[in-house]
2 protein chains.
Amino acid sequence: MKFSASEENYIKSIYSLQGKTEKVNTNSLAGYLNMRAASVTDMLKRLKTKKLLEYKKYYGFRLNDSGNKEALRIIRRHRLWEFFLVTRLGMEWDKVHIVAEELEHVSSNDLIKRLDNFLGKPKIDPHGDPIPDANGRMPVLKQVSLDNFSLKKNGIVSSVKSQTQQMMEMLNHYGISIGSHIKVLKAFDFDGSLQIKILKQPACIISEQAAQNIFVYDDQ
Amino acid sequence: MKFSASEENYIKSIYSLQGKTEKVNTNSLAGYLNMRAASVTDMLKRLKTKKLLEYKKYYGFRLNDSGNKEALRIIRRHRLWEFFLVTRLGMEWDKVHIVAEELEHVSSNDLIKRLDNFLGKPKIDPHGDPIPDANGRMPVLKQVSLDNFSLKKNGIVSSVKSQTQQMMEMLNHYGISIGSHIKVLKAFDFDGSLQIKILKQPACIISEQAAQNIFVYDDQ
DNA sequence: TTAAAATTTTAGATTTGTCTAAAATAATTT
DNA sequence: AAATTATTTTAGACAAATCTAAAATTTTAA
């Protein structure tokens, strides 16, 4: 089934407001979406008709199984585009959200499959959030800052916290970027600096401070 | 000024229907867009209000300068996305149009600037059509099939006509793709085969038949 | 436990973008 | 040049997605 951009925004928002068990209420969704409660009620009726929602008047609502599935498809598209915007177009991770909000509504399945492939099937987006796979499963990967990552383990860089010009310059110089295959060869206790190896790059040393800002997860 | 996807589709369609001087008429635009004449008239009024159109009731219409400028911005986005879909995601050139129709309405200027950069500022889209530059100028580049391209000249592959599996397999093998920097080193009169050089690839020989299906333009 | 406050829904309006059917205008034909 | 045909516009309707204001319902508090 196809949904309008507006319907998709509601679905996504309900998904992020509902926890494991709680119901969402009209006002909080209205607040989240910057809309009036009346508009939300209207849309709830539509989503209920489309069988995405459990909704009892006056008592709140939450997505049912197909609603959750649809939400995950949208989130997948959003996060894959964010990954693209940061890693390929060099946008800053705190500025990609608005653009990804538009791109996520482009609905071709083939496009998303190919984009995923092109990006190397990333598991984590540039904010450090997991990217649901094609079946809607959220990968559970624990990310740690590089200074806490085991020696000699193969890791993948998932996100980089500090956005300073200086940090970016250094990462660029060492060829470190989101998605990079990385390994810590040696840790120097004296100053906490690390000798690291990035695939297809010569080994190099980075400071403890830098390492604390680079997040990685296990490759497999 | 920002325009809705619908308005953008009308603008683009008028642009492609209007020649250098002719006026466009309601029915032909309605036919082109698969809509009814009445709907077209409605939109013409809106576009006139927004000062994109010269329009005299019952006597046809055409884009004015700002209308043309806007059309070129939309076409630029469309063609850049087509280039991306073919060269980066490996979609076939005859299948990218529908997806690009959606992507073209994503309106961030920064996005398009970065996409252009990322793609290497391509001048020609995968159908062989020129991509307007950031100022709305259409590059005028004559494209010739490789068998008609001068020896030792630096060229860029703009499009590939035959879409057979076999052709694609061969192009892939030789590392030839849209955007490739190419040079014809030698032409063998005996069978029309060519020795060519692709940047960062060893020289190789391709048949006359292959050369006839590869289109190139001068690199500067 | 009932009155007040908060929340949610309904009713009705608005905008955008489309439609059909009828009216207006232009073009063509006899 | 009048009649017929074709084209275009207008008038009025409809669906989607929003809004405001009022009514309905639930929650809170006196």
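Visitor: Which element gives the most to the surface near DNA strand D?
Guide: In this predicted model, 19 residues lie around DNA strand D, and A:Ser4, A:Ala38, B:Asn25, B:Asn27 and B:Ala38 come nearest. The elements that give two or more residues to that surface are helix H1 (5-17) and H3 of chain A, together with helix H2 (26-33) and H3 of chain B. With 5 residues, the element that gives the most is H3(A).

Visitor: Which element supplies the largest share of the surface near DNA strand C?
Guide: Around DNA strand C there are 20 residues, of which A:Asn25, A:Asn27, A:Ala38, B:Ser4 and B:Ala38 come nearest. At least two residues each are supplied by helix H2 (26-33) and helix H3 (37-49) of chain A, and by helix H1 (5-17) and helix H3 (37-49) of chain B. The surface near DNA strand C has 8 nonpolar, 7 polar and 5 charged residues. The largest share, 5 residues, comes from H3(B).

Visitor: Which element gives the most to the side of chain A that touches chain B?
Guide: The contact joins 13 residues of chain A to 13 residues of chain B. On the side of chain A, helix H5 (97-103) and helix H6 (109-118) are the elements that give two or more residues. By class, this side has 8 nonpolar, 2 polar and 3 charged residues. With 4 residues, the element that gives the most is H6(A).

Visitor: How far apart are the end C-alpha atoms of helix H4 (residues 65-87) of chain B?
Guide: H4(B) is mostly covered, with 18 of its 23 residues buried. At 1.5 Å a residue, its 23 residues should span 33 Å, and the distance between the end C-alpha atoms agrees, being 33 Å.

Visitor: Which strands stand at the edges of the open sheet of chain A?
Guide: The sheet of chain A has 6 strands in the order S3-S8-S4-S5-S6-S7, with antiparallel pairing. An edge strand has a single partner strand, so one side of it is left without a neighbour in the sheet; the two are strand S3 (144-145) and strand S7 (204-206).

Visitor: Which residue of S8(A) stands opposite A:Gly155?
Guide: Strand S4 (residues 154-160) of chain A is mostly covered, with 5 of its 7 residues buried. S4(A) pairs with strand S8 (residues 214-218) of chain A in the antiparallel sense over 5 bridges. Within S8(A), A:Ile214 stands opposite A:Val160. Opposite A:Gly155 stands A:Asp218.

Visitor: Which residue of S5(A) stands opposite A:Asn154?
Guide: S4(A) and strand S5 (residues 181-187) of chain A run antiparallel and are joined by 3 bridges. One bridge partner in S5(A) is A:His181, which faces A:Ile156. Opposite A:Asn154 stands A:Lys183.

Visitor: Which residue takes a positive phi in the hairpin of S5(A) and S6(A)?
Guide: S5(A) is joined to strand S6 (residues 194-198) of chain A by 5 bridges, and the two run antiparallel. A:Lys183 has A:Lys197 as its bridge partner in S6(A). The hairpin has 6 residues between the strands, and the residue with a positive phi near 75° is A:Gly192.

Visitor: What is the bridge partner of B:Val144 in S8(B)?
Guide: Chain B has an open sheet of 6 strands in the order S3-S8-S4-S5-S6-S7, paired antiparallel. S3(B) pairs with strand S8 (residues 214-218) of chain B in the antiparallel sense over 2 bridges. In S8(B), the bridge partner of B:Val144 is B:Val216.

Key
Residues numbered from 1 in each chain as written. Chains lettered and ligands numbered in written order. Predicted model: local features only at pLDDT ≥ 70, side-chain atom pairs only at ≥ 80, totals over all residues. Expected span 1.5 Å × (residues − 1). Buried ≥ 20, exposed ≤ 12 C-beta atoms within 10 Å, placed from the backbone. Contact = placed C-beta atoms within 7 Å. Nonpolar A, V, L, I, M, F, W, Y, C, P; charged D, E, K, R; others polar. Pairing = 2+ DSSP bridges. Near = placed C-beta within 6 Å.
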